[in-house]
Amino acid sequence: MVGMVHSTESFGSADGPGVRFVVFLQGCAMRCRYCHNPDTWRREGGTPMTADEILDQAERYRAYWGSDGGITVSGGEALLQAEFVAELFERAHARGINTCLDTALQPYRDDPAFISTFDRLLENCDVVLADIKHIDPAAHRSLTGHDNANILAGIRHVASRSVPIWIRYVLVPGVTDDPNDLRRAADFIRSVPTVERVDVLPYHTLGVYKWDELGIPYTLRDVDPPTAEAVASAEKILCMPSSAQKKGGRQ
């Protein structure tokens, strides 16, 4: 199979355990208002690559991975190319390479064809980095353009396959920082048995220039990053005890 690759990063230090070779796939259906990679949204474009071509490139950096590192497939939204990722992960495990899926789970749907492909992918996935954009369905729709019911169901499905999950939550002042919403998110997270860690990621504006280059209106331009105190407060609500979390993680 051939996947459409937007770009790669040789030394990802915050995309899963250890040092990672990160593959950003092309295409995403969500339109998150704070997205720092809007150039990955379009399904068209990207560079066609086979699984072996990606792994051959990745293994040039294997000496830097240590015992925890490996490859991470991100996006865009990696699950829009789920069949390709399933093949890539199978071939990676055949080479003894640790695999990580970075996903917002928006493509998740409860139909046999998708579940079959997704389960094949998860059989060769060592950890899933799952984003919770917002716990409230209406607020999630306002923030991303999509409901969150299938996303939460997707997280539960990953857990049902006994795959470790790292939750990431972007803290946007006035958008995702309401204490009641944070407590609801915490209740959901604690109900998922394979969650190993939670990372609260401060909102930033480093990708705004991409929106400007693409001519897309950026609606959070006047929102400042959260204070250290606000992040600490959210962490107190959302995060598991530090002793229960594994080393690593990223926005």
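**Helix packing and a buried tryptophan in a predicted model**

Helix α3 (residues 112–123) comprises 12 residues and spans 16 Å from its first C-alpha to its last, close to the 16 Å expected at 1.5 Å a residue (expected span: 1.5 Å times one less than the number of residues). The structure is a predicted model, in which local features need pLDDT of at least 70 and side-chain atom pairs count only at pLDDT 80 or more, while totals for chains, interfaces and linings use all residues. Residues are numbered from 1 along each chain as its sequence is written, and side-chain values use heavy atoms, with hydrogens and water left out. Helices (H or I, at least four residues) and strands (E, at least two) are DSSP runs numbered from the N terminus.

Buried residues of α3 are F114, I115, T117, F118, D119, L121 and L122 (buried: under 20% relative accessible area, with a 1.4 Å probe and protein chains only). The elements that cover them include α2, β5 (98–103), β6 (127–131) and α5 (149–160).

Two helix pairs were examined. The axes of α1 (residues 51–58) and α2 (residues 82–94) come within 9 Å and cross at roughly 50°; axes are lines fitted to C-alpha atoms, for helices over the stretch in contact, and angles run from 0 to 180 degrees between N-to-C directions. The two helices are therefore oblique to each other, the class left after angles under 35 degrees (roughly parallel), over 145 (roughly antiparallel) and 65 to 115 (roughly perpendicular). The crossing of α1 and α2 is right-handed, that is, the near helix is turned clockwise from the far one by less than a right angle. On the α1 side, A51, D52, I54 and L55 meet F84, E87, L88, R91 and A92 of α2 (contact: heavy atoms within 4.5 Å). These residues comprise six nonpolar, no polar and three charged; Ala, Val, Leu, Ile, Met, Phe, Trp, Tyr, Cys and Pro count as nonpolar, Asp, Glu, Lys and Arg as charged, and the others, Gly among them, as polar.

For α6 (residues 179–190) and α8 (residues 228–238), the axes come within 8 Å and cross at roughly 35°, and this crossing is right-handed. P179, L182, R183, A185, A186, I189 and R190 of α6 make the contact with A234, I237 and L238 of α8. By class, eight are nonpolar, none polar and two charged.

W41 lies in the loop between β2 (20–25) and β3 (47–50) and, at 10% relative accessibility, counts as buried. Leaving aside residues up to four places away in sequence, W41 touches Q26, G27, C28, M30, R31, C32, C35, W211 and I216.

How values were computed
Buried means under 20% relative accessible area, exposed over 50%, partly exposed in between (1.4 Å probe, protein chains only).
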